[in-house]
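Colleague: I have a model open and want to learn to read it. Can we go through some features one at a time?

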Amino acid sequence: MMNKSIHGRLFKKLRLERGVKLKDAAGEVVSVQTLRRFEADETSVSLVVFEKLLASLGIGYIEYLTELLPRLKSDYRKLTIDVMKFAKVGNYSGMMTYLVRKLKDDEITLSERLFIAVVITGYSGILPEKFKENNKILLEYFQGIEMLSLNEKAALNGIITTSSTKEIPLEFVRRTIADSLSYNPDVEGINIISTIITFRVLHSSIGFLLRSGYYSEAEIVCQKMITIIDSIDITLSHIKPTFAVHTYILLAQIKLAQNKVEGVELANRCVRQLDASIDLYNSKKEISTRKMYVDRFYELNKTGVEFDF
């Protein structure tokens, strides 16, 4: 069985821990009846309303996340440990079989479904039907709530990277893009994890547009993402280079898909940047990533202009 939400249940626990009465927490923000339904996970509230409810308990949103995440993690601790055992020995087929078996469990929780969606992020093979079914269940859940937690956003990122326009509505992706573009790292950058996940969701959404053939739209959104990255201040400067490089790599792919010659030079610059990183760190992951991007560049390049790499 899948829970509708966890925010209300956790809010109730925090309220009771602090000895705040239901009517006092509701105040003039929502009706007592609405808050009671929210605490029973029967309805959701907007982020603005939720922040006001938290304030009635003397809790900030960032503090709430520190309360939320440990509870989510403990809910799927065994699943995490089991998956890591498969990953450590490189038994990915065994891991996929194990996860399919887990998805067949009638008592599977929401947090376990979210974790599985995160695990398959970027999966390039043919996705088993049980994973597609899990994606569909989570998408229906996401479309029914206004505020996604960090774990839910991370799961959404996984779903977008493994879905086609037949499996995820284009308008939902566009709404996700609009929400992500409204994110202001200068104001919200105090939460580094939130910034990273928001950028990943935006990045995967642009990739979705590219895979679906919406090249012009993808290019416009990609340029907007670059503008946001450029606006990052010193508090998040350490993550800026990574997102900048990978976003320019995505932009190069988009330009190449449109037969734009400038995509070739941009790809050259991106590969030079990757080579510099490999020369410095000699990371196997970086080498693998370089190969993946180079193969993709060659696949897309129909301009007649050769690369320098």
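Colleague: Which residues does Phe142 touch, not counting residues up to four places away in sequence?

Modeller: This is a predicted model. Phe142 touches Leu114, Leu148, Glu152, Ala155, Leu156, Ile159, Phe172 and Arg175. Phe142 itself lies in helix H9. Take Glu152 from that list: Phe142 and Glu152 are 10 residues apart in sequence, and their C-alpha atoms are 8.0 Å apart.

Colleague: Is Phe142 buried or exposed?

Modeller: Below 20% relative accessible area, a residue counts as buried. Phe142 has 1%, so Phe142 is buried.

Colleague: Phe172 was one of the contacts. Which residues of H11 are buried?

Modeller: In H11, they are Leu170, Phe172, Val173, Thr176, Ile177 and Ser180. Down the axis of H11, the buried residues fall within an arc of 160 degrees, so they line one face of the helix. Glu171 and Asp179 are exposed, on the face turned away from the buried side.

Colleague: What covers the buried residues of H11?

Modeller: The cover includes helices H9, H10, H13 and H14.

Colleague: How do I read a salt bridge?

Modeller: Side chains of opposite charge can pair when their charged atoms come close. Here, Glu39 and Arg15 form a salt bridge, 2.6 Å from N to O. This pair links distant parts of the chain: Glu39 is in helix H3, Arg15 in helix H1, 24 residues apart.

Colleague: Are Glu39 and Arg15 buried or exposed?

Modeller: Glu39 is buried at 8% relative accessibility. Arg15 is buried at 7%.

Colleague: How many salt bridges does the count come to?

Modeller: The count comes to 16.

Note on methods:
Residues numbered from 1 in each chain as written. Predicted model: local features only at pLDDT ≥ 70, side-chain atom pairs only at ≥ 80, totals over all residues. Heavy atoms only, no water. Buried < 20%, exposed > 50% of the residue type's maximum accessible area, 1.4 Å probe, protein only. Helix = DSSP H or I, 4+ residues; strand = E, 2+ residues; numbered from the N terminus. Arc of directions from axis to C-beta. Contact = heavy atoms within 4.5 Å. Salt bridge = Lys/Arg side-chain N within 4 Å of Asp/Glu carboxyl O.
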